[in-house]
Every structure is written in C-alpha cells, then in structure tokens.
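Let's go through this one together, a feature at a time. Have a look first, then ask away.

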Amino acid sequence: MTETKHKTPPFDTEAAEPPEPGQTCLWRSPHTGTCHDRAILQFSGGKDSLAVLYLARPWLDKIEVHFANPGAWLPDTVDLVERTCEKLGVDLKLISPPMPIDQFHELRGLPLDVVPEWYGAEMARFLEEPRETLIQTSLNCCLEMVLKPLHHAVMRSDIRLLLRGTKRCDERVGIGPGTVDGDGIEYAFPIWEWSDDDVLEYLKGEGAEIPRQYLNGANDGIDCWFCTGHLRTDYAADRMRYLAKTYPEFMPEIRRRAEMLKRILTDETERTVSILDMALEVPRDRKAS
Ligand code: SF4
C-alpha cells in the first residue's frame, strides 16, 4: 500500500461545499453530486468494514454503525464488534431478523449452494410426504436473515448514504461505486481500490484488533457458525479448517448438518444423472418410430 492511500481520507468535509450555509457535507457524491451530511456504515465484523470504521473515526458523530446478527454469528465476531465499538465510542445499532435463524431454517431450509428442487420449500408444498429437511439457496438465506433487515433499518432512517467495505478485488462484489438503488440509497466504497494486504497493513498500523481468522489462514469473515452455504467461495475450505481448529465444540452440529445434506445431495444427483445418462446413451442418429 502506498503512503498516499494510507493518508487519503474517505470523506472530504472541508473540500465539499455545503448545500446550505451552516450545513456540513460528509460526502459529496462524485457520481450524482448529492451532498450527504450523514451516513450509515454496515459493519460486519470482517476486516474490510473494520478498516472503513477506522477510516471514519473523525466523523463518527455523523455516522450510524449497524451490525446485523441473525443469531448465530461466530462468538469471536460478536465480541470483536462490541470491543471495537466500545474502544472507538461507537453507539452500535444491532439489527435482528424477523425470526430466529433456526426457525427460518425449519421453514425455508438449510442453506446450500446447490439446491435439489424437490427439497425446496416451493416444491415441498405439493408433496404428500413432508421432507425431513428443506434446502434453500445460500443467497436467499443471507438475503432474508441479513441483507433485508439491514436494508429495512436504512429505510426506517432518513439517511441515504451507505458505506460499505467492499473492494474491487473481492471475489463477490455485486454493486460498485456510483450505485443508487430504487429507494434512493447511494452506496459508497471508501476502500474500493485497496487489496486484502492493504487492509491488513492499514489495520495493523492503526493498532486495530484484527479478527483472528485472518491471522489463521481464513481470508474472509465467518458469519453464522453452522452455515452450510457459501461453499463455492475460494475461502470455504479455510473457513471449515478454522472452525474445526478453533471451535471443536461446534463440529458435531456442523457434521450432523453436513451428513444430512450430503446424503440428500448424493441421492438427488445420482437419480438425476441416471436419467441424463439414459438420454446420452440413446444413439443420436436413431429416429423416433
Ligand atoms: S451466513 Fe449462512 S446461515 Fe447465516 S444467514 Fe447467511 S446463508 Fe444463512
């Protein structure tokens, strides 16, 4: 990381022209020209949003910090978020989903990156025999348990600038600088051009407490400890190894879920592939009689 990047403030309150005399401008959007005098930072407890929180220290009186916990976040993460906010004097807002995550998993299924249709909640309604467990996509689970509650919290406020720790180099990015959603919320990414090493170097330089999974080989935040989703990501194996090493007491429940899902996935895959194989075995030049 260059010295300049270290020193570049994410907000430029002095350069920005206030919209009205006496009003401050925390962030003037380079994309829309809008002057935002307040912002919400969605703090996940991972290294990237932690870096944004540290960069934002001089302006924390203008920034609400939101932390969504569906109820099963790794204890390490919750402790670090609480300790960091206490240290920086942040009045943390806890965001909860509309129902406990176990109840949601019962209703919609365990999260998985590959969902056999006959185990989805939509199909289960048409089946005579109830399923022992349902399966949903990881994205849907995070959407309902984390992202929507966070969005609703923004909508309940009058703030329309959202700060995120997403970087251009991240494996999954979604939206980027310049995004204004249908509700008029503008998204800003103060560390967009940083690398993972830049972030860790910055946090070490600031004396921040770094989430311990990053120092133990896992290069991403760990969300719900019993999550069976997001297994297609680059860091999924590191995450599992970290959990087994650091939280052996969690492993029986993680294994119980993994065994159940593996059995369902294997059965459903074999059944589907055997039919596809039949189609492939039919000679291609045979004409229907
Ligand atoms: S981290 Fe996993 S269990 Fe938690 S909300 Fe997201 S998909 Fe669901």
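A: Helices here are DSSP runs of H or I with at least four residues, strands are runs of E with at least two, and both are numbered from the N terminus. This is a predicted model, where local features need pLDDT of at least 70 and side-chain atom pairs count only at 80 or more, while totals for chains, interfaces and linings use all residues. Residues are numbered from 1 along each chain as its sequence is written.

Q: What span should helix α9 have at 1.5 Å a residue, and how far apart are its end C-alpha atoms?

A: Helix α9 covers residues 251–281, so its 31 residues should span 45 Å; the end C-alpha atoms are 42 Å apart, which agrees.

Q: How many residues of α9 are buried?

A: Buried means 20 or more other C-beta atoms within 10 Å of a residue's own, exposed means 12 or fewer, and partly exposed is in between, with C-beta atoms placed from the backbone. In α9 the count is 1 of 31, so this helix is hardly covered. Across the 289 residues of the protein, 28% count as buried.

Q: Which residues surround the ligand?

A: A residue is near a molecule if its backbone-placed C-beta atom lies within 6 Å of it. The ligand's surroundings include Pro 70, Cys 142, Asp 223 and Gly 229. Helix α6 (residues 138–156) gives the most to this shell, 5 residues.

Q: Why does Cys 142 count as partly exposed?

A: Because Cys 142 has 19 C-beta neighbours inside 10 Å. Cys 142 lies in helix α6, and its C-alpha is 9.7 Å from that of Asp 223, 81 residues apart in sequence.

Definitions and conventions:
Expected span 1.5 Å × (residues − 1).
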